[in-house]
Amino acid sequence: MCLLLGAPGVGKTLLVKRLQRLCSRDGRGDLGDPPPTRPTVGTNLTDIMAPRKITIRELGGCMGPIWSSYCGNCHSLVFMMDASNPTQLSASCVQLLGLLSAEQLANTSVLILFNKIDLPCYMTTEEIQSLIRLPDIIACAKQNITIAEISAYKGTGLARVLRWLQERHRTSS
Ligand SMILES: Nc1nc2c(ncn2[C@@H]2O[C@H](COP(=O)(O)OP(=O)(O)OP(=O)(O)O)[C@@H](O)[C@H]2O)c(=O)[nH]1
Ligand SMILES: [Mg+2]
């Protein structure tokens, strides 16, 4: 099980839909237009066949206060931030710190995604890293942390996300 978390509207549901599409097209054709999404109330469970089954559990951003009750039994954690929304970043950073210090997630591999890099006002990874002092966070964390910039909308970086998931879920779904 991969847990997918992030503030409301960062693009979690779109990412899952895009990964599903990426896995179902046999490496041919394009992703097509981005499908519509609605705010997730509660939790969304989606299986992607990559080709091994990987179950992704998205928790709606509005469920932030109770995310921790879903942290058990997950093999990997994908934490998304919206690189085009600087005002949301500090709150996201606090949430991330809470997750990294959760005992249940001590041995979980973590992928931090900066999404929406297709928008003209997006912040680069370097800018975000220095704003939230990510190198210090990574140095203090027990987890193995990977960072990537993506656009769930355009499809940029999604192949890398899929590879990360495949590597983490070689032996578990
Ligand atoms: N421009 C742009 N828009 C995006 C991107 N990813 C998601 N969006 C848009 O952002 C909005 C919110 O996306 P969702 O996937 O529903 O966000 P979410 O994180 O699942 O939100 P909650 O379920 O409320 O927590 C939608 O209008 C998406 O089309 C992206 O990479 N670029
Ligand atoms: Mg959602």
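Why is strand E5 (residues 109–115) largely enclosed by the rest of the structure? Six of its seven residues are buried, so strand E5 is largely enclosed. The legends below describe views of a predicted model.

**Figure 1. Overview of the chain in the predicted model.** The secondary structure consists of five helices and six strands. In sequence order these elements give the pattern β-α-β-β-β-α-β-α-α-β-α. The C-alpha atoms occupy a box of roughly 40 × 40 × 30 Å along the principal axes. The radius of gyration is 15 Å, which agrees with the value near 16 Å that a compact globule of 173 residues would have. Buried residues account for 30% of the 173 residues. Among contacts in the chain with a separation of 6 or more, 76% are between residues 24 or more positions apart.

**Figure 2. Strand E5 and its pairing with E4.** E4 and E5 run parallel and are joined by seven bridges. Within this pairing, Asp82 stands opposite Asn115 of E5. In a regular strand, side chains alternate between the two faces of the sheet. Six of the seven residues in E5 are buried.

**Figure 3. The shell around ligand 1.** There are 21 residues around ligand 1, and those that come nearest are Gly11, Thr37, Thr40, Gly61 and Tyr153. By class, the shell holds eight nonpolar, ten polar and three charged residues. Helix H1 (residues 12–24) contributes the most to this shell, with three residues.

**Figure 4. Thr13 and Thr40, listed by UniProt under "binding site".** The listing comes from an unreviewed UniProt entry. The two positions are spread over 28 residues of sequence, yet they cluster in space, with a largest C-alpha distance of 7.6 Å. Thr13 is in helix H1, whereas Thr40 is in the loop between H1 and strand E2 (43–49). Thr13 has 21 other C-beta atoms within 10 Å and is therefore buried. Thr40 has 18 C-beta neighbours inside 10 Å, so Thr40 counts as partly exposed. Leaving out residues up to four places away in sequence, Thr13 touches Thr37, Thr40, Asn44 and Glu58. With neighbours within four places in sequence left aside, Thr40 is in contact with Thr13, Glu58 and Gly60.

**Figure 5. Met63 beside Gly42.** Met63 belongs to the loop between strand E3 (53–59) and strand E4 (76–82). Met63 and Gly42 are 21 residues apart along the chain, and their C-alpha atoms are separated by 6.8 Å. Because Met63 has 17 C-beta neighbours inside 10 Å, this residue counts as partly exposed.

**Figure 6. The cis peptide bond between Ala50 and Pro51.** Omega of this bond is about -10°. Pro51 is located in the loop between E2 and E3. Most peptide bonds are trans, and most residues other than glycine have a negative phi.

**Figure 7. Positive phi at Asn73 and at Lys116.** Asn73 has a phi near 65° and is located in the loop between E3 and E4. Lys116 has a phi near 70° and is located in the loop between E5 and helix H3 (125–132). Is Asn73 buried or exposed? With 9 C-beta neighbours inside 10 Å, Asn73 counts as exposed. Lys116 has 25 C-beta neighbours inside 10 Å and so counts as buried.

Conventions: Residues are numbered from 1 along each chain as its sequence is written. Chains are lettered from A and ligands numbered from 1 in the order in which they are written. This is a predicted model: local features need pLDDT of at least 70, side-chain atom pairs count only at pLDDT 80 or more; totals for chains, interfaces and linings use all residues. A residue is near a molecule or strand if its C-beta atom, placed from the backbone, lies within 6 Å of it. Helices (H or I, at least four residues) and strands (E, at least two) are DSSP runs, numbered from the N terminus. Ala, Val, Leu, Ile, Met, Phe, Trp, Tyr, Cys and Pro count as nonpolar, Asp, Glu, Lys and Arg as charged, and the others, Gly among them, as polar. UniProt positions are given in the numbering used here, feature names are shortened, and annotations may be inferred rather than shown by experiment. A residue is buried if 20 or more other C-beta atoms lie within 10 Å of its own, exposed if 12 or fewer, and partly exposed in between; C-beta atoms are placed from the backbone. Two residues are in contact if their C-beta atoms, placed from the backbone, lie within 7 Å. The radius of gyration is taken over C-alpha atoms; the globule rule is 2.2 Å times the number of residues to the power 0.38. Two strands pair if DSSP finds at least two bridges between them.
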